[in-house]
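I opened this notebook to record what I looked up in a structure that was new to me. The entries follow the order in which I consulted it.

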Amino acid sequence: MQQARTRPARWPWLLVAIAVAAAAWWLLRPAPPAQPQAPAAASAPATGDELPPPPMAGEDGPPGIQHPVEPPAEAADAAIPALADSDAVVLQELEALAGDAPLLSILVREHVVQRLVVMVDNLTQPHVPATALALRQVPGGYAVVEGEGGTVADGEANAARYAPYVAAFAAADAQRVAALYRRFYPLFQQAYAEIAGPDAYFNDRLVQVIDHLLQAPVPPAGAELVRDERGRWRYADPALESASVGHKALMRLSAAQQAEVKAQLRALRRALARP
């Protein structure tokens, strides 16, 4: 099983921190995340003062960039802070874009870009450490009821719990989100290069993850749930439980909510990817 990729221990408290699109991993967590742990493997830390150049597509070598990101012309000369100092500026722009949207209330407000990059990168994995979260636990607990075959999810209660967050994600202006992402793309690229290597290109990975999320199956009706050794609810069916973190997050929404999230993901993909 592929291990979650984590950033080197460069930040003050050894962060091991997902989208835009991910939007969904926080829906799975019935308990607060554990304190960050030092990553097992790390590449050489960057200084935070210089942005590495993105990998270039070659005619004869390995495949190059599939979905290049070009910053908008009006932002070409805008001052972009160093990655290590980017939180204040990024949060200010997010707040201007989203206002008082509930998604911002659960966003971890330290090392924002780095956390989002790591979370996105790991949404295709079957298991992700709690320290890979960019978003805090959604208030409340995952609701269950006793069904004919055992314990099952309380679909109505859980849909109500997730409703404000799904609505905020679905209502966001995809073009404005994409424009903000393009403006700060050098920071996302630097954070991704630090965990995936200098030849990795984050926008290509983001498009891959969006495509993966769009393949999530419909929410399974009446799927039996069991508690694991830590008291967390898991699917009793190994086939369901072995799904990726991103798929399980979407599977725990209602069918209507999943459709809303997927529609927004498609809009973001159109804004960020080549046809």
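**Entries on a helix pair and its surroundings**

I began with a pair of helices and noted that α7 passes α10 in a left-handed crossing. This is a predicted model, and I read each entry with that in mind.

I then looked up the geometry of the pair. The axes of α7 and α10, the latter spanning residues 255-272, come within 10 Å and cross at roughly 150 degrees. Angles over 145 degrees count as roughly antiparallel, and α7 and α10 are therefore roughly antiparallel to each other.

Next I listed the residues that make the contact. From α7 I recorded N203, L206, V207, I210, D211, L213 and L214. From α10 I recorded K262, L265, R266, R269 and L272. Sorted by class, this contact of α7 with α10 holds seven nonpolar residues, one polar residue and four charged residues.

I turned to helix α3, residues 112-122, and asked how many of its residues are buried. Among the buried residues are V112, R115, M119, D121 and N122. I also looked up what they pack against, and found α1 (87-98), α6 (185-196) and α7 (202-214).

Finally I consulted the chain as a whole. I counted 10 helices and four strands, arranged along the sequence as α-α-α-β-β-α-α-α-α-β-β-α-α-α. Of the 275 residues in the chain, 49% are buried. I noted an accessible surface of about 13,100 Å², with 55% of it belonging to carbon and sulfur atoms.

Key:
Residues numbered from 1 in each chain as written. Predicted model: local features only at pLDDT ≥ 70, side-chain atom pairs only at ≥ 80, totals over all residues. Heavy atoms only, no water. Buried < 20%, exposed > 50% of the residue type's maximum accessible area, 1.4 Å probe, protein only. Helix = DSSP H or I, 4+ residues; strand = E, 2+ residues; numbered from the N terminus. Contact = heavy atoms within 4.5 Å. Axes fitted to C-alpha atoms, helices over the stretch in contact; angles between N-to-C directions. Parallel < 35°, antiparallel > 145°, perpendicular 65-115°, else oblique. Left-handed = near helix turned anticlockwise from the far one by under 90°. Nonpolar A, V, L, I, M, F, W, Y, C, P; charged D, E, K, R; others polar. Areas by Shrake-Rupley, 256 points an atom, 1.4 Å probe, with all protein chains shown as cover.
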